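Subject: Structure for you

Hi,

Here is the structure I promised. Please open it first, then read my notes below.

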Amino acid sequence: MKKVLSKFIALSSIGLLMLSACKKDGTLVTSNGGKAGTLTASVTTLVLDKTKLYDTTSIINFGFTAANYGFSAAVTNTLQIDAANDNWANPASVTLSNKVYNQGYSTGVFNALLLKLNLVAGVTSTVNVRVAHTISTSVTPVYSNVVALSVTPFNLITYLWVPGAYQGWSPSTAGQLTSPTDNNIYSGIINFTGTDLSFKITSEADWNGTNYGAGATAGTLSSTGGNLTAPADGGFLVGVNLTTNTITYTPQWSIIGDATPGGWGTDTDMLFDSTNNTWYVTAKLVSDGTNAIKFRFNNAWAVNLGGSGGTLTSGGSNITIPSTGAGGANYLITLDPVANTYTLVKQ
């Protein structure tokens with residue numbers, strides 16, 4: 001009897017130890033916690049190289065050991081990266097596949113991730129990395145050790161400047177073209193105004209970099225060419241491809257109609273107000289009370305706006321201009337193609 005009792009006590013003790021690590025509540029298994037894995041990084045200092053933006057080689061690899069919950073558990077592992085001063089409030093996270101214990105990043109991917117953390121390009125900052133181990137939404141995650149990295153991201157967006165007669169030939173105050181991914185393809189809306197429509201394109205906000213002018217044939221660029229010339233007075237979407245050394249001009253919004261200087265046959269291009277994201281033009285309108293205007297995009301009828309009372313609809317009716325007398329009257333005309341509104345203010 002004594003031996004039986006001793007065996008019973010021993011077995012009971014083992015059972016209690018097992019229950020202390022894992023308890024079963026109905027069909028739900030819950031845990032009192034687990035031991036997190038250990039995280040390592042292949043490097044802890046990174047100055048990212050913009051020339052390797054499209055190189056798919058991993059520049060940093062994170063590896064970690066599995067968490068231990070004392071029993072077989074389906075563990076979700078999430079790699080978290082956050083700015084050191086954010087205290088894990090808004091980390092960038094990637095959930096890894098089952099039984100995957102490493103994660104690598106190429107230059108372009110890791111740089112984009114760092115910029116999403118609101119790090120300043122060209123400035124060395126500290127980011128923290130950890131792994132969160134989760135077995136259930138009802139169980140608090142356990143976290144690996146934190147690895148601190150010293151990182152210097154680069155600015156992904158690159159610029160060209162468009163100095164010209166329209167703004168006094170000053171690169172630092174000129175309109176800009178942007179390349180969101182630094183792939184040598186740039187675009188931007190430039191307002192060309194005045195009788196002199198000549199301009200150039202510079203790689204810096206001064207004349208000390210590469211300066212592009214007209215190439216040997218229409219629509220091409222050359223670093224030794226003379227001045228370029230805009231096609232007309234107005235706001236154009238200028239596109240530049242530095243791989244093919246080509247340039248394009250796409251007219252944006254314009255007015256047209258028998259009240260405008262060009263009648264129904266020639267558009268009067270509008271200018272872009274980048275502060276309010278609206279379009280405007282001052283034009284002399286002539287009307288006997290029946291003449292009209294419409295707005296259209298890209299100097300074509302595929303997209304046109306009409307209406308009345310300051311409100312526009314796609315393909316809407318002609319906008320009638322009040323009688324101006326034989327000499328006509330100058331009007332400041334504005335267009336908001338997002339809100340579909342317009343104004344006509346007699347000057």
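Which residue in strand 5 is the bridge partner of Ala41? It is Phe62.

First, the ground rules. This is a predicted model, where local features need pLDDT of at least 70, side-chain atom pairs count only at pLDDT 80 or more, and totals for chains, interfaces and linings use all residues. Residues are numbered from 1 along each chain as its sequence is written, and side-chain values use heavy atoms, with hydrogens and water left out.

Now the sheet. Strands (E, at least two residues) and helices (H or I, at least four) are DSSP runs, numbered from the N terminus. Two strands pair if DSSP finds at least two bridges between them. Strand 3 (residues 39–41) runs antiparallel to strand 5 (residues 58–64), joined by three bridges. Leu39 has Phe64 as its bridge partner in strand 5. Strand 5 also pairs with strand 8 (residues 102–106), antiparallel, over five bridges. There, Phe62 has Gln103 as its partner in strand 8.

Together they form an open sheet of three strands, in the order 3-5-8. Strand 3 and strand 8 are the edges: each pairs on one side only. The twist averages 15° from one strand to the next. Angles run from 0 to 180 degrees between N-to-C directions, with axes fitted to C-alpha atoms, for helices over the stretch in contact.

Helix 2 (residues 107–116) packs on the sheet and touches strand 5 and strand 8. Contact means heavy atoms within 4.5 Å. The direction of helix 2 makes about 95° with that of strand 8.

Best wishes
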